[in-house]
Amino acid sequence: VGRECKLDPAAVNKYGSMPDGNQYENGGQLYNCLTKYCDTCKSLGCAPNKGPRLTGKQWARRPGALAMHRTASFAKIFFIP
């Protein structure tokens, strides 16, 4: 708690724009990945994403699988149609 966890905007956007979808929920801070969930907390973590972002209903209409590759230094999430 209280430790900084921020992504480097230059590295995140190196291969194209990936805006932080949680910027406004995190008090306007870009790429702040500190996550803390509670009734009064405002730290939702970072959410760099390429658009378009889909709703749950839109994902439900697209058959496929979500897969995650996680190591000590990163996590990648893939959608396989």
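Colleague: Where does Pro63 lie in this predicted model?

Modeller: In this predicted model, Pro63 is in the loop between helix H2 (56–60) and strand E3 (65–70).

Colleague: Why is Pro63 called exposed?

Modeller: The relative accessibility of Pro63 is 69%, and exposed means over 50%; therefore Pro63 counts as exposed.

Colleague: Which residues does Pro63 touch, leaving aside those up to four places away in sequence?

Modeller: Pro63 touches Phe79 and Pro81.

Colleague: What makes E3 and strand E4 a pair?

Modeller: Pairing requires at least two bridges, and E3 and E4 (residues 75–80) have six, in the antiparallel sense. A hairpin of four residues joins E3 to E4, and Arg70 stands opposite Ala75 in E4.

Colleague: Why are the rings of Trp59 and Phe79 called edge-to-face?

Modeller: The count of aromatic pairs comes to one. The ring centres of Trp59 and Phe79 are 5.0 Å apart, and the limit for a pair is within 6.5 Å. Their planes stand at 65 degrees, and edge-to-face means over 60, so the pair is edge-to-face. Trp59 lies in helix H2 and Phe79 in strand E4, so this pair ties together parts that are 20 residues apart in sequence.

Colleague: How do you know that Trp59 and Phe79 are partly exposed?

Modeller: Buried means under 20% and exposed over 50%. Trp59 has a relative accessible area of 35% and Phe79 a relative accessibility of 25%, so each counts as partly exposed.

Colleague: What makes the charged end of Arg62 sit over the ring of Trp59?

Modeller: The distance limit is within 6 Å of the ring centre, and the charged end of Arg62 is 5.6 Å from the centre of the Trp59 ring. The charged end is accordingly listed as sitting over that ring.

Methods: Residues are numbered from 1 along each chain as its sequence is written. This is a predicted model: local features need pLDDT of at least 70, side-chain atom pairs count only at pLDDT 80 or more; totals for chains, interfaces and linings use all residues. Side-chain values use heavy atoms; hydrogens and water are left out. Helices (H or I, at least four residues) and strands (E, at least two) are DSSP runs, numbered from the N terminus. Buried means under 20% relative accessible area, exposed over 50%, partly exposed in between (1.4 Å probe, protein chains only). Contact means heavy atoms within 4.5 Å. Rings of Phe, Tyr and Trp (its six-membered ring) pair if their centres lie within 6.5 Å; planes under 30 degrees apart count as stacked, over 60 as edge-to-face and the rest as tilted. A charge sits over a ring if NZ of Lys or CZ of Arg is within 6 Å of the ring centre and within 35 degrees of the ring normal.
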